[in-house]
Amino acid sequence: MKGLVFTELIEMIENQFGLEIADEIIQKAELPHQGAYTGVGTYPHSEMVLLVQNLSESTGIATAELYQVYGEYLFGRFRTIYGHFFDDNLTALDFLESIDKHIHKEVLKLYPDAELPEFKTIKKSDKKMVMVYKSERKMSDFALGLIRGCMKYFKETVKIERRQLSDIEVEFTILKV
């Protein structure tokens with residue numbers, strides 16, 4: 001996983017839970033680099049899992065909820081860092097549909113070694129989208145948080161249903177309310 005995802009996680013933990021908690025979970029993880037992530041580095045997914053598990057143990061918040069909170073937070077940070085990917089004339093559903101077709105292609109130009117999840121749009125109308133998230137990392141809670149962050153940014157109210165298709169695929173049905 002790209003280091004940016006880790007640096008932003010640590011920043012969110014520091015801001016929302018405090019420096020003490022951030023230091024505690026990093027020390028407990030016994031990482032080879034002591035949690036000194038760089039935005040352009042590449043790190044094992046297992047480190048993300050370990051950090052979130054440690055945060056869950058320290059805070060009593062379920063890991064699924066933490067991934068969702070982090071996904072929402074990271075969407076906002078992506079907007080700040082990569083503002084050129086955002087067209088305010090789009091709807092949230094249009095933006096989500098552009099992830100694999102446009103955004104991930106641009107990300108791969110910047111980071112050719114990035115291992116990105118798939119976000120495939122199955123069906124879309126003005127009020128409904130069915131999207132399949134596929135990743136060996138099995139981070140659908142994180143994907144759900146990113147979707148919620150997108151809806152918040154575009155100020156759209158939706159109902160999101162989730163259905164497990166396989167061990168690595170989850171279908172999200174997003175309905176505008």
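The legends below describe close-up views of a predicted model.

**View 1. Packing of helix α5 against helix α6.** Helix α5 covers residues 92-110 and helix α6 covers residues 140-153. Their axes lie 9 Å apart and form an angle of about 140°. Angles over 145 degrees would count as roughly antiparallel, so the two helices are classed as oblique to each other. The crossing of α5 over α6 is right-handed.

**View 2. Residues at the contact of α5 with α6.** From α5, the residues A92, L93, F95 and L96 take part. They meet I147, C150 and M151 of α6. By residue class, this contact has 7 nonpolar residues, no polar and no charged ones.

**View 3. The largest nonpolar core.** This core contains 55 residues. Those touching the most other members are M48, L51, Y70 and L96. At least two core residues come from each of the helices α1 (3-17), α2 (19-29), α3 (45-59), α4 (63-81), α5 and α6, and from each of the strands β2 (128-134) and β4 (169-176). In soluble globular proteins, nonpolar side chains tend to be buried together.

**View 4. Surroundings of L96.** L96 belongs to α5 and is one of the residues that meet α6. Apart from neighbours within four places in sequence, L96 is in contact with I147, C150 and M151, and also with M129, M131 and I174.

View 5. N54 is part of helix α3. Its relative accessibility is 4%; because buried means under 20%, N54 counts as buried. With neighbours within four places in sequence set aside, N54 is in contact with I25, K28 and A29.

Definitions and conventions:
Residues numbered from 1 in each chain as written. Predicted model: local features only at pLDDT ≥ 70, side-chain atom pairs only at ≥ 80, totals over all residues. Heavy atoms only, no water. Axes fitted to C-alpha atoms, helices over the stretch in contact; angles between N-to-C directions. Helix = DSSP H or I, 4+ residues; strand = E, 2+ residues; numbered from the N terminus. Parallel < 35°, antiparallel > 145°, perpendicular 65-115°, else oblique. Left-handed = near helix turned anticlockwise from the far one by under 90°. Contact = heavy atoms within 4.5 Å. Nonpolar A, V, L, I, M, F, W, Y, C, P; charged D, E, K, R; others polar. Core = buried A, V, L, I, M, F, W, Y, C linked by side-chain atoms within 4.5 Å. Buried < 20%, exposed > 50% of the residue type's maximum accessible area, 1.4 Å probe, protein only.
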